[in-house]
Amino acid sequence: MANPAVMSQTAAGFDAVSRQLEGPQGPKPRKRFSRANIFIYGTLIVVAFYYALPLYVMIVTSLKGMPEIRLGNIFSPPVEITFEPWVKAWSQACTGLNCDGLSRGFWNSVQITVPSVIISILIASVNGYALANWRFKGADTFFTILIFGAFIPYQVMLYPIVIILREIGLYGTLWGLVIVHTIFGMPILTLLFRNYFTSLPEELFKAARVDGARFWGIYFQIMLPMSLPIFVVAMIIQVTGIWNDFLFGVVYTKPDTYPMTVQLNNIVNSVQGVKEYNVNMAATILTGLVPLTIYFVSGKLFVRGIAAGAVKG
Amino acid sequence: MTANSVEIKNLDLSFGAVEVLKNLNLEIPEGEFLVLLGASGCGKSTLLNCIAGLLEVTGGQIWIKDRNVTWEEPSHRGIGMVFQSYALYPQMSVKGNLSFGLKNAKVPKVEIEERVARAAEILQIQPLLDRKPAALSGGQRQRVAIGRALVRDVDVFLFDEPLSNLDAKLRADLRVEIKRLHHKLKNTMIYVTHDQIEAMTLADRIAIMRAGKIQQLGSPDEIYNRPKTKYVAEFIGSPSMNFLNGDLTAEGFAMDGETVPMQGYKFANGAAPGPAWMGIRPEHVATGDQAQAMPYNADVTVELFEPMGADTLVWTTVAGQPFHFNLDGQHKVASGDQMKIGFDTSRSSLFDKSSEARL
């Protein structure tokens with residue numbers, strides 16, 4: 001596209017030479033409905049519609065009563081708005097023997113996600129820092145093995161981990177799941193932090209060493225204050241990943257300690273009785289609310305952090 | 001023992017199979033300003049990092065103030081370092097940057113205040129103390145970086161191309177300031193640069209490095225007038241030295257049918273006849289009447305000329321070989337002009353063809 005600044009400069013130069021202007025001058029006029037614009041915005045609108053429509057259906061259905069749903073018009077807005085399905089999904093829906101809704105799963109998920117996110121990020125950031133700045137002997141081998149871990153399918157490790165957790169007496173507990181999440185988050189988080197710390201100027205690290213700071217001193221006083229964006233990225237990746245996890249949740253916990261996702265599945269897939277679509281929709285939205293909120297709150301920092309890692313790493 | 005501030009003994013450093021520094025020896029007396037000069041990749045910054053303790057050496061010793069510091073932490077070596085990118089801690093104020101090292105060394109608060117104030121005064125950065133590095137200009141940042149070494153009361157200052165990121169004018173200003181600082185503090189300073197003007201103006205002695213070895217260690221005057229190798233002769237001086245291809249004989253330097261008498265030339269190891277290079281600096285070439293009086297003179301044709309203001313660089317051919325020399329910038333020349341040039345052979349440098357060592 002034409003740069004208006006360049007255009008006006010050229011025009012000014014022309015002016016100085018001949019003192020009279022003919023033909024095109026100043027910023028080039030743009031057509032609002034040019035073919036390119038129609039194509040770009042058309043595509044965007046179609047894609048946005050495609051993604052927004054299911055969400056619309058979910059919200060609308062969750063606000064209807066069952067009689068209205070049976071009419072079958074899934075796109076029509078609710079005639080009578082009711083929040084009954086939401087209340088039921090949160091506090092009354094039955095999964096197995098418990099009939100206290102998703103709230104039990106929500107608190108389980110909170111108890112799993114918060115420690116997993118904090119512990120995995122703490123360890124991975126120190127890992128990444130050590131790998132980036134303290135090139136200890138065997139660092140490359142260590143890193144290669146760690147990254148290799150990211151490519152092993154989870155299913156392969158399910159059963160061995162069941163045995164390990166059983167042997168250390170953590171099978172079926174929330175802390176067992178916390179340990180599993182922490183370990184499985186390690187490869188990708190370490191890579192993320194290592195790349196970020198490598199992108200910081202090496203001379204800063206050297207200067208801090210000359211100034212007498214040691215391993216932890218440099219980490220806490222020099223590196224941490226410069227790495228907020230990458231911590232936000234790591235936090236978003238971990239919160240969404242762990243909150244949305246189903247496989248580990250269903251394998252390593254018991255009905256009492258099921259995370260929200262597993263409970264949601266049990267509510268939606270329960271075969272007895274009437275299918276309560278409105279309750280199912282409300283439960284699904286409730287479950288997805290946490291990652292959504294995290295995105296909305298820290299989206300800008302997320303983009304900045306990803307960009308920082310991408311360009312410099 | 002003599003008061004050597006820094007001694008480097010048989011230093012080796014290799015990264016895997018790549019030898020970066022080879023059996024390097026260097027003694028730096030107390031209070032000297034030593035410049036390590038060389039093209040990129042010659043190992044000069046690596047050597048500085050070894051002295052600072054930021055790189056582990058493969059072999060040899062490093063002594064600072066008669067103390068073997070080969071295995072010491074950087075902060076226990078009595079050195080302060082100034083980096084090319086300034087390396088100021090972005091989240092700390094100028095004051096925070098200056099006091100970081102002192103806090104790590106657990107210096108009492110009152111003394112930190114005093115030392116920071118004194119350094120700020122020397123470097124004239126008192127008004128900037130509460131600012132963040134992002135709010136400083138390049139020159140101010142470099143002053144703060146120097147201040148960080150200054151507050152710690154170190155024995156040796158290490159500079160790693162500190163002026164390379166600055167624009168030309170600021171670089172000249174700060175160069176003078178560093179020189180003034182050295183006169184005032186009288187610390188030992190080791191300064192790495194690839195800029196020969198910085199080296200010539202600042203140094204008490206220059207060490208010219210190439211491929212991990214010191215080619216010549218000497219005063220700027222020695223390096224300029226009596227380069228030990230052809231490489232040093234080529235590296236120092238701008239525009240660079242002319243090299244004429246010929247043979248050293250008993251009568252003088254023979255090339256293209258004529259023999260240049262070498263009476264005034266001081267041979268380093270006696271005149272050994274054989275193929276050789278004769279090096280003449282463009283600024284040592286005389287023209288016109290002065291040329292007539294020189295031991296060697298010739299008539300040449302101007303082929304090209306480059307006006308540079310104070311001087312004009314003229315390109316021509318001497319004895320069938322390309323040759324360039326400086327002419328007063330006010331002297332009018334044109335391509336094709338005939339001119340008489342001459343030079344004093346005692347100011348030239350002769351190098352053996354195969355070993356490239358000074359004859």
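Modeller: A crossing is left-handed if the near helix is turned anticlockwise from the far one by less than a right angle, and right-handed if clockwise. The model is predicted, so local features need pLDDT of at least 70 and side-chain atom pairs pLDDT 80 or more, while totals for chains, interfaces and linings use all residues. Residues are numbered from 1 along each chain as written, with chains lettered from A and ligands numbered from 1 in written order.

In chain A, helix H6 (residues 139-149) and helix H8 (residues 174-199) have axes that come within 7 Å and cross at roughly 125°; helices (H or I, at least four residues) and strands (E, at least two) are DSSP runs numbered from the N terminus, and axes are lines fitted to C-alpha atoms over the stretch in contact, with angles from 0 to 180 degrees between N-to-C directions. The crossing of H6(A) and H8(A) is left-handed. H6(A) contributes A:Leu146, A:Ile147 and A:Gly149 to the contact, and H8(A) contributes A:Met186, A:Pro187, A:Thr190 and A:Leu191 (C-beta atoms, placed from the backbone, within 7 Å). These residues comprise five nonpolar, two polar and no charged (nonpolar: Ala, Val, Leu, Ile, Met, Phe, Trp, Tyr, Cys, Pro; charged: Asp, Glu, Lys, Arg; polar: the others, Gly among them).

Between the chains, 17 residues from chain B meet 14 residues from chain A. On the side of chain B, strand E6 (79-82) and helix H2 (94-104) each give two or more residues, and that side has 11 nonpolar, six polar and no charged residues.

Technical notes
Two residues are in contact if their C-beta atoms, placed from the backbone, lie within 7 Å.
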